[in-house]
Amino acid sequence: MGIAESILLTIATAATPLLIAALGELVVERSGVLNLGVEGMMVMGAVCGFVAAALTGSPWLGVLAAIVVGALFSLLFGFLTLSVATNQVATGLSLTLLGLGLSGMIGEGFVGQAGQKLPSLYIPGLSDLPLVGRLVFGQDPIFYMSIALTVGIMWFLFRTRAGLTLRSIGDNHASAHALGIPVIAYRYLAVMFGGACAGLAGAHLSLVYTPQWVENMTAGRGWIALALVVFASWRPLRVLAGAYLFGAVTIGQIHVQALGYGIPSQLLSSLPYLATIVVLVLISRNRRLTMMNTPASLGRAFVPDR
Amino acid sequence: MRVELIKRPQQSALFSAVSPFIALALTLVAGAIMFSLLGKSPLDALYYYFIDPLREVWSLHELAIKAAPLILIAVGLAVCYLSNNWNIGAEGQFIIGAMAGSILPIIFPDFQGWYVLPLMLLMGIAGGAAYGAIPALLKVRFNTNEILTSLMLVYVAQLFLDWMVRGPWRNPEGNNFPETRRFHVDAILPEILPSSGRANLGFVFAILAAIVVWFLVTRTLKGFEVRVLGSSPRAGRFAGFSAKKMVFFAFMLSGGLAGLAGISEVSGAIGQLRPVISPGYGFAAIIVAFLGRLNPLGIIASGLILALTYLGGEAAQISLGLSDKVVRVFQGMLLFFVLGCDTLIHYRVRLVGFGAKPAVEGA
Amino acid sequence: MKKIVFALAAVLAAGVSVPAMAQDKIKACFVYIGPKTDGGWTQAHDVGRQMVDKELGEKVETQFVENVPEGPDAERVIERFARSGCAIVFTTSFGYMDQTLAVAQKFPDVKFEHATGYKTAPNLTTYNSRFYEGRYIIGQIAAKVSKTGVAGYIASFPIPEVVQGINAFTLGAQTVNPDFKLKVVWVNTWHDAGKEADAAKALIDQGVDILTQHTDSAAPMQIAEERGIKAFGQAFDQIQAGPKAQMTAIIDTWGPYYVKRIKMVLDGTWKGGESSWDGLKDGILTMAPYTNMPDDVKKAAEETEAQIKSGELKPFTGPITKQDGTEWLKAGETADDKTLLGLNFYVKGVDDKLPQ
């Protein structure tokens, strides 16, 4: 395995959880809901995935458990913001707080245990191809899911009737309601999908990236996923590009350090954040373009009139 | 079964007053269940949470220390949120304010006198306001989403502080540990009642800020402008208000207050700069702002309550051996219940059964 | 609702059942910076606390608060301990230094011990562990086992303790191979498994075949195992994470120290104002079993360990040249503790610029 291929693989691993969590949040936000609880749902997915894998001996069941728990946990947010019309920003932040605490409780007995790693794909011959072999044919299953999700969500949002309906709810929930669309039901499904994705992203952390459980192991990745959604101006393909760009900058700064140039590590560590701001500015400068993609009802509570 | 909300014609005065108590009661019940499941006496646990920290005077001082930055930041955020500006980067403004205010005692330690502290406070406010102006500028000039830029700037501020404290500003007599020199006497925020505890003027600032901002929001034209632009930008434009100026006003006010909180914390409770000076006050304050329903006076209460759960959590850890995670879960539950119950102020709630028969009707 | 109010009132009236504590038991209290199950620094202290429970349980009761941020929160927790009748309070993070001192001055009858700091008082002692002794040994092992002659070092923050480790590792390696190189990556965190894993992969991609870390998670060990290179564990025996990769680990063992000090409180011989900096010989750090290496390397490592224990070998003994080429220690000269505790420069051979 050459160094270039190896670095690309590292970037893919770093980008995958960001990509999956961001894609889930993208669907949620397209429906007009802002869920700031990604970090909390992700860490719940990580711990439940790990615990389920440890108890059953099957990392696949761990992945399943993480998805289910992520979706269920997001229901808490969904119920409060959709059925009880609480403020989405505050509820999302509370969800993160709760998730970080609850995951610590659940995982208390599992710290320091060697985890099970989800096996990577290996196709004799193909996986050994130079340069692209491992990248295309030798990665972990969740990587392939992340690519499938990207394509699937693109197709769903822009090629299906349900996707169109979802976007129209995000743009104007009142008129969608007037047309007889079940706004709340759609949003419940979107929120749960976002939770499931965050759970899956968490499972990637505790079953692929670093197969172990440590408290707060998401370490802010949920927040970066949130940033990616806006960075991508709510477009799935741009989320993919953003996640890989972010991964590349993160990994790149480590390589620069290891080469011993002596640039302050804090400066390098802040590069991804500064880059995000710059790209945000560049993208949003074109007002018309942004307006076209931004879900206009984002973050606003919707209560149907009778 | 599903929940149905019916908008009230006007806010319910009854539920405005009662909903916090309903939320508290629900939290107590849910907490009691959780503590019993963990094998602890629920009454003991609740006692240590809510009563024990209030029994002694020194502990009340500690409560004030913990609540002061939360209230100061949340009051500024309330103005932001009322005017529909989503600043979630108060943590960064807190840090930059603290750093700006610390320039005097760190770089010019020989510059001493009674005037040092007021200057530091002003520089802290200016630093926070300037840092808050960045997302405002980006929003106005480039239409950039302020939630994201303000959040990204938090990380940048944290890393900047880290670098300064480990590098240029490191204490020359501190064995190379990552902290600045300790502030001289003139740069320390005085304590309110030194004989009984450590609480410093930061708490006084917090209360004053809350009262001033409350007056501003409810009794002045500016406050009217804030609320009009927040609830309906179009109406605001017709009224001749500038949405752009409001963005700057809201961000710089909340940034300035966060900066004041930062320099008060550093010059009061800490006495020097360190790589980390805030355990997430800027984020906790968002919750405080909403718990206080974006009302500056309500924020005083919610800030004190959130601070109490931290102190109570420690008491429960020490006395009952409850883990720190339980503390955070309990906080999360409290927040959910409070947020949920506040809905009752604006809406009637009906549970609609499968046969569409109203089951419960909330007043 | 009403019932609860009544019940609460009843409890208040009756006085809450304070956890039973026999009269002759003393309390030993611990303030932790992280969660007690962090798999690293804090957990090592908590294992030490549990040893106190086990060995002195009849005479001592232990209490702790975890996840205490440095600053005003720490001062509050320490003061609460002091007020609640703790006989001795251990504060286990460098950043608690000034807060521990402030509370110690306020409560002269309570005894305090602060880990890794340098400020003392008549009732405040500091304690620390010479982790660098272990790092000297693993440096030697690394140089003997490495084929590429380059090792990777995943570092947290450039504080003296970490710089000591990097220097000791390099000095140990140079006794075997004077040209041995060390690549350092600063991750600016004690605990982010993902970041540590990224750093490990990057270092391996750049050609290191030995990994060592001064961060808390077992992620780098897992990566080493996966990529088939060798590594050293940190704070805990990480053999589970790297059954084929781990050659040894530097294990923090605070228990014996805690037991010793609390016994001194019990029999009245505890003294304040001291700074204790124990090493391998005192058992405050221990080496995990030497495995996954040739027998001669193992033998050499055991010999070095024995020499350090007997005091025959001190890692920071001259001649040592600083990275910038100037002389630090003359032949035979040994670094004094004060310099080591404030160490802020590299020795020659470290392929990194120390963040200043």
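At what angle do H1(A) and helix H9 (residues 183-209) of chain A pack, and how far apart are their axes? I opened the notebook with this pair, bearing in mind that the model is predicted.

**Entry 1: a helix pair in chain A**

I recorded an angle of about 170 degrees between H1(A) and H9(A), with the axes 7 Å apart. An angle over 145 degrees counts as roughly antiparallel, so H1(A) is roughly antiparallel to H9(A). I then listed the residues that meet. From H1(A) they include A:Thr13, A:Pro17, A:Ile20, A:Leu23, A:Glu25 and A:Val28. From H9(A) they include A:Val191, A:Phe193, A:Cys197, A:Leu200, A:His204 and A:Tyr209. By class, the residues of this contact divide into 16 nonpolar, five polar and one charged.

**Entry 2: A:Ala15**

I next looked up A:Ala15, which belongs to helix H1 (residues 3-30) of chain A. Is A:Ala15 buried or exposed? I found 25 C-beta neighbours inside 10 Å; the cut-off for a buried residue is 20 or more, so A:Ala15 counts as buried. Apart from neighbours within four places in sequence, A:Ala15 has contacts with A:Ala243, A:Tyr244, A:Phe246 and A:Gly247. I also noted A:Ala241, which is 226 residues from A:Ala15 along the chain, while the two C-alpha atoms are separated by 9.5 Å.

**Entry 3: chain B as a whole**

For chain B I counted 13 helices and three strands. Its radius of gyration is 22 Å, close to the 21 Å given by the globule rule for 363 residues, so chain B is as compact as a globular protein of that length. Along the principal axes, the C-alpha atoms of chain B fill a box of roughly 75 × 60 × 35 Å. I noted that 59% of the 363 residues of chain B count as buried. Taking contacts in chain B between residues at least 6 apart in sequence, I found that 77% join residues at least 24 apart.

**Entry 4: positive phi in chain B**

Which phi does B:Asn84 have? I read a positive value of about 70 degrees, although B:Asn84 is not a glycine. The residue sits in the loop that links helix H3 (57-82) to helix H4 (90-107) of chain B. B:Asn84 has 19 C-beta neighbours inside 10 Å and therefore counts as partly exposed.

B:Leu294 is likewise not a glycine and has a positive phi of about 60 degrees. I located B:Leu294 in the loop between helix H11 (281-291) and helix H12 (296-320) of chain B. B:Leu294 is buried because 21 other C-beta atoms lie within 10 Å.

**Entry 5: the sheet in chain C**

In chain C I traced an open sheet of seven strands with mixed pairing, in the order S12-S10-S9-S8-S6-S7-S15. Strand S12 (285-287) and strand S15 (350-351) are the edge strands, each pairing on one side only. Within the sheet, strand S8 (residues 210-213) and strand S9 (residues 230-235) of chain C pair in the parallel sense over two bridges. There, C:Ile210 stands opposite C:Lys230. Helix H5 (residues 131-145) of chain C packs on the sheet and touches strand S6 (150-155), S8, S9, strand S10 (246-252) and S12. I noted about 175 degrees between the directions of H5 and S10(C).

**Entry 6: a cis peptide bond**

Where in chain C does C:Pro319 lie? I placed C:Pro319 in the loop between helix H10 (295-310) and strand S13 (320-321). The peptide bond from C:Gly318 to C:Pro319 is cis, with omega near 5 degrees.

Key:
Residues are numbered from 1 along each chain as its sequence is written. Chains are lettered from A and ligands numbered from 1 in the order in which they are written. This is a predicted model: local features need pLDDT of at least 70, side-chain atom pairs count only at pLDDT 80 or more; totals for chains, interfaces and linings use all residues. Helices (H or I, at least four residues) and strands (E, at least two) are DSSP runs, numbered from the N terminus. A residue is buried if 20 or more other C-beta atoms lie within 10 Å of its own, exposed if 12 or fewer, and partly exposed in between; C-beta atoms are placed from the backbone. Two strands pair if DSSP finds at least two bridges between them. Two residues are in contact if their C-beta atoms, placed from the backbone, lie within 7 Å. Axes are lines fitted to C-alpha atoms, for helices over the stretch in contact, and angles run from 0 to 180 degrees between N-to-C directions. The radius of gyration is taken over C-alpha atoms; the globule rule is 2.2 Å times the number of residues to the power 0.38. Angles under 35 degrees count as roughly parallel, over 145 as roughly antiparallel, 65 to 115 as roughly perpendicular and the rest as oblique. Ala, Val, Leu, Ile, Met, Phe, Trp, Tyr, Cys and Pro count as nonpolar, Asp, Glu, Lys and Arg as charged, and the others, Gly among them, as polar.
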